[in-house]
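Please read these notes beside the model. They take up a few points in turn.

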There are 2 protein chains.
Amino acid sequence: MSETKSGATQTPTRRRREGPSKGDLKKDAILDTAWQLLGTKPMTAITIDELSTGAGISRSSFYFYFDSRAAVIRALADRTSVELSQSIRTALTAATSPHDAITALNRTLLARWRANGPLMRAMDVLAENDDELRAFWRGVTDDVVRAGAQSIEDERAAGRALPGPPSAMDLAVALTNMYWRSGQQASLEPGSEKDDEHLIETLTAITLRAIYGQP
Amino acid sequence: MSETKSGATQTPTRRRREGPSKGDLKKDAILDTAWQLLGTKPMTAITIDELSTGAGISRSSFYFYFDSRAAVIRALADRTSVELSQSIRTALTAATSPHDAITALNRTLLARWRANGPLMRAMDVLAENDDELRAFWRGVTDDVVRAGAQSIEDERAAGRALPGPPSAMDLAVALTNMYWRSGQQASLEPGSEKDDEHLIETLTAITLRAIYGQP
DNA sequence: ATTTTTCTCGACACTATGTCTACTATGAGG
DNA sequence: CCTCATAGTAGACATAGTGTCGAGAAAAAT
């Protein structure tokens, strides 16, 4: 609660030129504080005051770094959306069968909800107001959807999946919505690892049936 | 914007005894104002001031009727959750085949999202903070889930549906999540009637495959 | 060493929430 | 018709948060 400054990214070599400026460190400190607070309370309950004192600066100095609280969330989201896309991509390429791929995808998504739940929920809420954030968020989910639709089309072309309608795209959108809400709900409660695996199995089973019919 | 008072529920016979008291009318006027404003802006952007002037009372008088803005939403939700349960029940009993039932359910849900989208989204956001609201909301969705799980179990008992796993309950929860998010997303954009029917068909197709395998 | 850019903070103006207190209608019982 | 309890009303106040401005300190570049 009182780890004032420099809880940010590390500077191993001591004050080299070209290293992150003092301001960059403060910016990171704000982000870290926000991240930490998001674990304890919902986004809307976090004040600029908490953010700034957490980062060891005055409230008005905060505005040197960010325009608003929403901007902080956006910056935080930038950080994690890359991780998300990345981990999905690797999960999918490692899989050998459709069943594996879908299980891996769901495991990854759920892990992301568990790790970043408060942030992702905050983004969803803010997106209703903030146009820029909505567009950004949209881009992230579209990636997932597009990848899914492509896989379904491949499977259909190979004659393994049931033909449409629904189109591969519609299927991918709806299933992603299912994953989304399921993950969001899961992130609101503690939930044991066993529960999570159970959920993953359920989502995978539904997905397989939706794409292939009964196994 | 300036229809000060008595935009509330009508009092056809003029000031009869046992009729709603003046205060009840004002309370309704607040609710109506809130409802109206929810159509134009997100819940969090509505101020007590707008609510009270919309109802033709002073800001401080507002607090005679409601404790907070969240209380207004809760009251509004009470109104509509009854409609929701009701319309789902009638939609399901009128159906003759599973396909009909699922289509009807989805049509009803989507219609509710279109009619009450801003309110339902507001509830979802507030539920993260407000315990009472969360419990209430939970109760509403549980109704839908339970009804769905029961239907699936009946179909399995009759040998028509694919057996589990996933259990009927798990299936119902996950599919409801899909409907939920799909409806929520739809309510954020205009969307033609044709788009809605298309979405309903997609959701129905997935549901049928998830329960029965291919048709 | 000085100039420029980065960073800092106190002071201010503004908006919103919620409480408290005293006042004014309203209407039921005498 | 009075009269008095209660429902309803609003102004003043206390509090909390947001965001802006301008004066200046600290750091970096020249």
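1. The largest nonpolar core has 99 residues, and those touching the most other members are I30(A), M123(A), L171(A), I30(B), M123(B) and L171(B). Such a core is a set of buried Ala, Val, Leu, Ile, Met, Phe, Trp, Tyr and Cys residues joined through C-beta atoms within 7 Å. Buried stands for 20 or more other C-beta atoms within 10 Å of the residue's own, exposed for 12 or fewer, and partly exposed for in between, with C-beta atoms placed from the backbone.

2. This is a predicted model, in which local features need pLDDT of at least 70 and side-chain atom pairs count only at pLDDT 80 or more, while totals for chains, interfaces and linings use all residues. Residues are numbered from 1 along each chain as its sequence is written, and chains are lettered from A and ligands numbered from 1 in the order in which they are written.

3. Beyond its neighbours within four places in sequence, L171(B) is in contact (C-beta atoms, placed from the backbone, within 7 Å) with I206(A), I152(B), P166(B), A210(B) and I211(B).

4. L162(A) lies in the loop between α6 (131-157) and α7 (168-186) of chain A; helices are DSSP runs of H or I, at least four residues, numbered from the N terminus. With 19 other C-beta atoms within 10 Å, L162(A) is partly exposed. Setting aside neighbours within four places in sequence, the contacts of L162(A) are I211(A), Y212(A), G213(A) and Q214(B).

5. I152(A) is 10 residues from L162(A) in sequence, and their C-alpha atoms are 9.3 Å apart in space.

Technical notes:
Helices (H or I, at least four residues) and strands (E, at least two) are DSSP runs, numbered from the N terminus. Two residues are in contact if their C-beta atoms, placed from the backbone, lie within 7 Å.
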